[in-house]
Structure formats: structure tokens, C-alpha cells
Amino acid sequence: MNKELMEALDILEKEKEISKETLFEAIENSLITACKNHFGKADNVKVEIDRETCDFLCYAEKEVVEEVEDDVTQISLEDALKISKRAQIGDIVHVEIKSKEFGRIATQNAKNVILQKIREEERSVIYNQYYEKEKDVVTGIVQRYVGRNISINLGKADGIINESEQVKGEIFKPTERIKVYILEVKNTPKGPRILVSRTHPELVKRLFEAEVTEIKDGTVEIKSIAREAGSRTKMAVWSNNPNVDAVGACVGINGTRVNAIVEELRGEKIDIINWDENPGNLIQNALSPAKIVAVFADPDEKTAKVVVPDYQLSLAIGKEGQNARLAARLTGYKIDIKSETQAKDAPGFRYEDYMDEYDEYDGEYEEDGYEEEALAETEEADTEAGIETDGADKIEGNEGIDEIEVINGMDGTEAESAIESEEETAEE
């Protein structure tokens, strides 16, 4: 048993995560390469390695001939009989090759083959490991600034934050731990190249998935998210369980959950709103904290006209239009915001512009018998109240109405006594 080789393979498998089978193949190829360098060719060389004991055997297949013309591929009958007593002309015998006989150059080449294979496998393992984490958040340690880019140590590999993926105003110190979003993993000859980001909206989404249990188990869904990195993020959430408040779950007790994410994002403000299938309600929620008077949304054109109180106009638009811009990204609607004063004369912002259709609808309904249906409903209501419609014709003026109101307020006995008393008075 070759204990040294076995221990070396175990260490490589544990530290580099390279399978033993791959290493065995590398050793076999290196021995064949050494034979080729030593003998000039290695077409007839075979290498066998016992996977259990790590013992290896290297031999050449040679043909038994009477007169040897090529020492590498042929062997004389006399020499063949020393290896096998049953050897005959034309047979193939296995001649063992002693690896210790290889020269310095052949040995060095064999070593290089093994090292090259180990490096390739190591790169492949790292690439596969981080390729699986693509579109996910990982924790890294800031190493140094490379020009305007930042090098981040992600563990077994280094990531790069390009200038375009950095939040303006964020300055990191070496050895500082930060969370980054893996944008892309490329396989290059020098190893995997990992591009990471601090500005991507998915960074906020993944942080909430890690922080909020209800999002992780699927009870609460993040329907949409819009972000201006370093300043503000708007996020629309929806709960699949009516007993679970989606916004409350994301905020946490005393804001513990959302505050942890705000701290990681260096103070970036986060607005969490309720998702609504009704575009009008969704736009109203998205423009919070501004109060909305009316929303006229067109789902086909993906446009919306919003009316807000005069004193809320600047709040609805936000600083440099940020609130309206984020709301538009969040909902997918092109939003036009005007104050009540501006909307009075602006086409598309007045109620009258949307009432024509309803007026036509009401007129058609009346022609089809709205009055008859209303009368039937009135008679049915009177019957339930205990009033006969036939007797209603006899009640005239305000006196009749007063009597109905009085009777409706009494029980049966009181009502009969009141009616008898009225009749006696009338006879007198």
C-alpha cells in the first residue's frame, strides 16, 4: 500500500474539493507522458492504479519476435521467456517499466502534468461553486481598491465591484465585511471572474428573503421592487395568508427587520407598501406618503392620471421627482400627477371626462324599466315593514306619513289602540 500517495490524495480532496478519481487520471496521464519523453513514444504504454491501495503499475505491451528491430515495441523470444515461460513468437507480453529509471526532464514533465490538472480542476470547482450562487447575495471582505473598482474576497475566489455597480458616497475600508449581489460568473483561462454589485434592486429583495421568515417560506411575496441605490427603495408585498400582514411582517417588531437591512444598505430609506390587483389602489399605495384625491388608470395604455390636494403636490412628486419616478417603476404605469387646482381645467383629470359613459348607461337602464323595478322593490320593502300598499293610497299629505312613522315605531297592541283612538276622534 502506498500510504504517502493515499494521504496526499485525501488532503487534496478535502482542501481543494477535487475528486480522487480525477487525481488518479492525472497520475496515469503523467506517467504516460513521462514514458513518452523517456522512450520517444508511448502508444503501447499502459498504467494501472489500484484505487484502494494506491499501488500503481506501469508496463509496456511488446510483441515477441525473433529479431528485434524496435526496442520500444518489440522483445526477443529469449527475453520474453524470462517474463513468461509460455511466451511464443507473435505473443504480446507485458514488460514492467520502472518509473525510477526516468530522467530528470521526464520526471519534471510528469510533475507538471499533475499540477496542471489540479489547477484546472480547482478552477472548475470554484467556477461551479459560484455559478450556483449567481443572482444571490454573499458576504465578502473588502481587500483593496483597484483603480476605481473594488476587489472583494468571497472566500475561495475574488469578486470585482465595477464603478457602475457602486453606490455613490459609499466608501469601504480594507477588511470590512459587506454583502454583495453576484451579477455574473465568467470562466476565464486565469480562473473564474466574478462580477458583484451593491446597486442592483435584487440585493434588497434577497436581503429581505434572508431576514423575513414569512418571505422565505412563501407566505409573503415580493411582487415588485424599484430602487435608486443609496437613496430610496419602494417595495410592494402581498400576503397569501389573510391572517398575516405583509407589511408588518417585513417591518418586524419595532422595525427590527427593516432596520437591519437599512443598516446594511448604509441608511438607504425603504418604503414597503401593500400590493393590489386594482391598478388605482396600487398607484395610490405606491405614491405614499402623499394623499391622493383621485386616480384615473388605463390598464391598456399603462398610463395613469393622479389628482392630489394642492398642498400634497410636492410630496407626491418627491425631491427631484424621485417619489413619482419610483412609483412609476414599481407599478409599471406612466403616472401624470396634478394638483386639484391644475386638474380643474386639464383634460383627462376631470370627473366629467369619465362620467359620459356612466350617464349613457343610466339612461339605457331607465328605458328598460328602471322605474318599474324601483316600484317593485318599494312595494316589497313596504310588505316586509307590515304596511299594505293598497291602504297607502288613502294616506294623504304629511299626516299619513306621520301616522306610518308612528305605527312603525310601536308594537302590535300599541298600534291597534292608536288606530282605534284616531277613529273615535274622527267620528266625534
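Predicted model: local features only at pLDDT ≥ 70, side-chain atom pairs only at ≥ 80, totals over all residues.
**Exercise 1.** Find how α1 is oriented relative to α2, and which residues make the contact.

Solution. 
1. Two packed helices are described by the angle between their axes and the distance between the axes.
2. For α1 (residues 3–15) and α2, the angle is about 125 degrees and the axes lie 10 Å apart.
3. Angles from 65 to 115 degrees count as roughly perpendicular and those over 145 as roughly antiparallel, with the rest oblique, so α1 is oblique to α2.
4. The crossing of α1 and α2 is right-handed.
5. From α1, the contact uses Leu-5, Leu-9, Asp-10, Leu-12 and Glu-13; from α2, Lys-20, Leu-23, Phe-24 and Ile-27.
6. By class, this contact of α1 with α2 has 6 nonpolar, no polar and 3 charged residues.

**Exercise 2.** Describe the packing of α9 against α11 and sort the contact residues by class.

Solution. 
1. Helix α9 covers residues 279–286 and helix α11 residues 322–331; their axes are 9 Å apart at an angle of about 145 degrees.
2. α9 and α11 cross in a right-handed sense.
3. Leu-282, Ile-283 and Ala-286 of α9 touch Asn-323, Ala-327, Leu-330 and Thr-331 of α11.
4. Sorted by class, the α9 and α11 contact residues are 5 nonpolar, 2 polar and no charged.

**Exercise 3.** Characterise the lining of the second largest pocket.

Solution. 
1. The second largest pocket holds about 430 Å³ of space.
2. Its lining has 19 residues, and those nearest the centre are Leu-31, Phe-56, Ser-99, Lys-100 and Phe-102.
3. At least two lining residues come from each of α2 (20–39), β2 (56–65) and α4 (104–131).
4. The lining divides into 12 nonpolar, 4 polar and 3 charged residues.

Definitions and conventions: Residues numbered from 1 in each chain as written. Heavy atoms only, no water. 1 Å grid on protein atoms, 1.4 Å probe; cavity = no way out; pocket = protein on both sides within 12 Å on 5 of 7 lines; lining within 4 Å. Points joined across faces, edges and corners; volume = space filled by probe spheres on them. Helix = DSSP H or I, 4+ residues; strand = E, 2+ residues; numbered from the N terminus. Nonpolar A, V, L, I, M, F, W, Y, C, P; charged D, E, K, R; others polar. Axes fitted to C-alpha atoms, helices over the stretch in contact; angles between N-to-C directions. Parallel < 35°, antiparallel > 145°, perpendicular 65-115°, else oblique. Left-handed = near helix turned anticlockwise from the far one by under 90°. Contact = heavy atoms within 4.5 Å.
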